[in-house]
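Please open the structure in the viewer and keep the selection tool at hand.

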Amino acid sequence: MAVDFKNSETKDNLMRAFAGESQARNRYIFAAEQAKEQKAQVLERIFRYTADQEQEHAKVFYDFLKEMAGETIHIDGGYPVDIDQTLAGLLRMAEHNELEEYKVVYKAFGDKAKEEGFTAVAYAFYQIAEIEKSHAERFGRYAQWAEQERLFSAEGEAYWMCLNCGHIHKAPAAPGKCPVCKHDQGYFVRLEEAPWTK
């Protein structure tokens, strides 16, 4: 059923997602600063790398709100307070939040957008949910290594990643444009060469 955008739940969900992505970005910047203070620059870079992608997700959601320019959207929502003295704890909190976006939040937002007739918005929610899953997996790997004190030691058809938003694409060649953030093919790198990728 088609719904007027200004009266839609999708409009509110886009603002919730924008707020959530904006807050995630700031949490990761704070975590990066903590990692830098603790001389774990690899984790600082992981947090900053992910923060940049969260900013791009916020922009994708915000751009869908152009019709509301000049207006204020009032929303409710719950947002996490991720404060921990340990880097492993921060990584686990980040993993948890990313999984919640992937499994629960963006699936529900995408389903509602689809139901209300906003297919492009639904597509963005579903695609960004998949990116959040990759964020959770990355944070989980590094959390496990940090917990095992193995952060700096190890036991011994192509995938492509968009370095701008994190979309992962499987094909013989990278797409001409990222299907999520629309950046050029030059933003893609082979997954095995991408930063912080398994």
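This is a predicted model: local features need pLDDT of at least 70, side-chain atom pairs count only at pLDDT 80 or more; totals for chains, interfaces and linings use all residues.

Does lysine 112 count as buried or exposed? At 19% relative accessibility, lysine 112 counts as buried, because the class covers values under 20%.

Glutamate 115 and lysine 112 form a salt bridge, in which the closest N and O atoms are 3.1 Å apart. The two residues are three places apart in helix α3, so about one helical turn separates them. Glutamate 115 is partly exposed, its relative accessible area being 39%.

Remain in the helix and select aspartate 111 with lysine 107. Their side chains meet in a salt bridge of 2.8 Å, N to O. These two residues are four apart in helix α3, and therefore about one helical turn lies between them. Both ends of the pair are described in the same terms of accessibility: aspartate 111 is partly exposed at 32%, and lysine 107 is partly exposed at 45%.

Now display the whole of helix α3, residues 87-116. At 1.5 Å a residue, its 30 residues should span 44 Å, and the end C-alpha atoms are 41 Å apart, which agrees. Centre the view on glutamate 101, where α3 bends by about 45°. Just after α3, select glycine 117, which takes a positive phi of about 95°.

Select aspartate 76 and arginine 16, which form a salt bridge with their closest N and O atoms 2.8 Å apart. Aspartate 76 lies in the loop between α2 and α3, whereas arginine 16 belongs to helix α1 (residues 9-37), and the two are 60 residues apart. Aspartate 76 is exposed, with a relative accessible area of 53%, while arginine 16 counts as partly exposed at 21%. A search of the whole structure finds twelve salt bridges.

Finally, select glutamine 53 in helix α2, residues 41-63. Glutamine 53 counts as buried, at 1% relative accessibility. Which side chain does the side chain of glutamine 53 join in a polar contact of 2.6 Å? The partner is histidine 135. Leaving aside neighbours within four places in sequence, glutamine 53 is in contact with several residues, including Arg138, Cys162 and Gly166.

Note on methods:
Residues are numbered from 1 along each chain as its sequence is written. Side-chain values use heavy atoms; hydrogens and water are left out. The expected span of a helix is 1.5 Å times one less than its number of residues. The bend at a residue is the angle between axes fitted to the seven residues ending there and the seven starting there. Buried means under 20% relative accessible area, exposed over 50%, partly exposed in between (1.4 Å probe, protein chains only). A polar contact is a pair of N or O atoms within 3.5 Å; within protein, one must be able to donate a hydrogen and the other to accept it, and residues adjacent in sequence count only if both atoms are side-chain atoms. Contact means heavy atoms within 4.5 Å. A salt bridge is a side-chain nitrogen of Lys or Arg within 4 Å of a carboxyl oxygen of Asp or Glu.
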